[in-house]
Amino acid sequence: MKKGLLFVFICCTSICFGQPLTNPLLPSGADPWSIHKDGFYYYTHTTGRNLTLWKTRSLADLKTAEKKVVWTPPETGPYSKEIWAPELHFIRGKWYLIFAADDGRNRNHRLWVLENESADPLDGTWTMKGQIKTPDDKWAIDGSVFEHKGRLYLVWSGWEGDENGEQDIYLCQMENPWTATGQRVKISSPTYAWEVDGKIPRPGPDDKPVVLVNEGPQPLQHGNRLFVIFSASGCWTDSYALGMLYIDGDKDLMNASNWTKTPQPVFKAVNVSGTHAAGHNSFFKSPNGTEDWILYHANSEAGQGCGRERSPRAQKFTWTADGMPQFGQPLPTNVTIQVPK
């Protein structure tokens, strides 16, 4: 083979099959989210101060990918501070960014939505559609909008009342990506032993000594079954792990008794080198649509808590013969992984 043809072959092989990736994908980045569309991955995570999008053909190149701050909050107001857990969705022909924010007081955290009509979410104008006023309008974070059997739904982590102490998983219907409708239904509360590690190491004057947590709910559909994968126990603990709810697709999602919670975590870092407190995940398909991948954050060392040490990681998962997700265990760092096909 001539040198020129060999060079072309090597380059084509690299583009088509991709270079292997290793975790972590970035040095830091909590609450990672990715979607693949029109040949590109669009990625985002919590920065706390703005909404930033990355664009790349391969997640292995995320560290050098094009990135852009697409929205900066106002200096004051109800969505000016603590910008958390952004999610990028393409719904009915438009892009939407859903995120949690407050005015500087955590008790005022609510969900907000931006809209963009551009084909590329790094282009065009992001317009504030407003607050998703969830039924009862209580504290709300980690919102995710999804479509099921032609209807839009919102799933999120919220408080039952007006005081901190417990975060539960709620569900409601949506008229559109920024308008909730009907009642909210609680589909999960932290009850199992692996869900209730929530002791605050150094509580402040306004903090409770223990906060029980279910958060970061992520819908996952497969066959005739709908799953919600969520994070449990405090992110400030090394007990942070993923739990699972599921429902048969022909049942009423808004009837809490139709949901089943697995009694054990489905994804937890136990004695894994360089991987601790793995949680707050999202899901994405490979470019050819045949592979399912989980994207999550974890700490590199024990005891690092909820700070900037959290970094995004990804790995492929499979399904059992009876249609249940099989996530396995979070991988150690620096393990070579073939990129999504």
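This is a predicted model: local features need pLDDT of at least 70, side-chain atom pairs count only at pLDDT 80 or more; totals for chains, interfaces and linings use all residues.
Me: Where is Asp38 found?
Reply: Asp38 is in the loop between E1 and strand E2 (40-46). Helices (H or I, at least four residues) and strands (E, at least two) are DSSP runs, numbered from the N terminus. Residues are numbered from 1 along each chain as its sequence is written, and side-chain values use heavy atoms, with hydrogens and water left out.

Me: Why is Asp38 called exposed?
Reply: The relative accessible area of Asp38 is 60%. Exposed means over 50%, buried means under 20%, and partly exposed is in between (1.4 Å probe, protein chains only). So Asp38 counts as exposed.

Me: What is phi for Asp31?
Reply: Phi of Asp31 is near 55°, a positive value in a residue other than glycine. Phi of Asp38 is near 55° too, and Asp38 is also not a glycine. Most residues other than glycine have a negative phi, and most peptide bonds are trans.

Me: Which residues does a cis peptide bond join?
Reply: That would be Asn23 and Pro24, with omega about 0°. Pro24 lies in the loop between helix H1 (3-17) and E1.

Me: Why does Arg184 count as buried?
Reply: Arg184 has 14% relative accessibility, so it counts as buried. Arg184 belongs to strand E12 (residues 179-188).

Me: What does the side chain of Arg184 reach?
Reply: The backbone oxygen of Trp159, at 3.0 Å. Leaving aside residues up to four places away in sequence, Arg184 touches several others, including Pro135, Asp136, Trp156 and Tyr170. Contact here means heavy atoms within 4.5 Å.

Me: How do you know that the radius of gyration agrees with a compact globule?
Reply: The rule, taken over C-alpha atoms, is 2.2 Å times the number of residues to the power 0.38. With 341 residues, a compact globule would come out near 20 Å, and the chain has 20 Å, so the two agree. Along its principal axes, the C-alpha trace spans about 70 × 45 × 45 Å.

Me: How many helices and strands does the chain have?
Reply: One helix and 20 strands. Of the 341 residues, 54% count as buried.

Me: What share of the contacts with a separation of 6 or more comes from residues 24 or more positions apart?
Reply: Such residues account for 52% of those contacts.

Definitions and conventions. A polar contact is a pair of N or O atoms within 3.5 Å; within protein, one must be able to donate a hydrogen and the other to accept it, and residues adjacent in sequence count only if both atoms are side-chain atoms.
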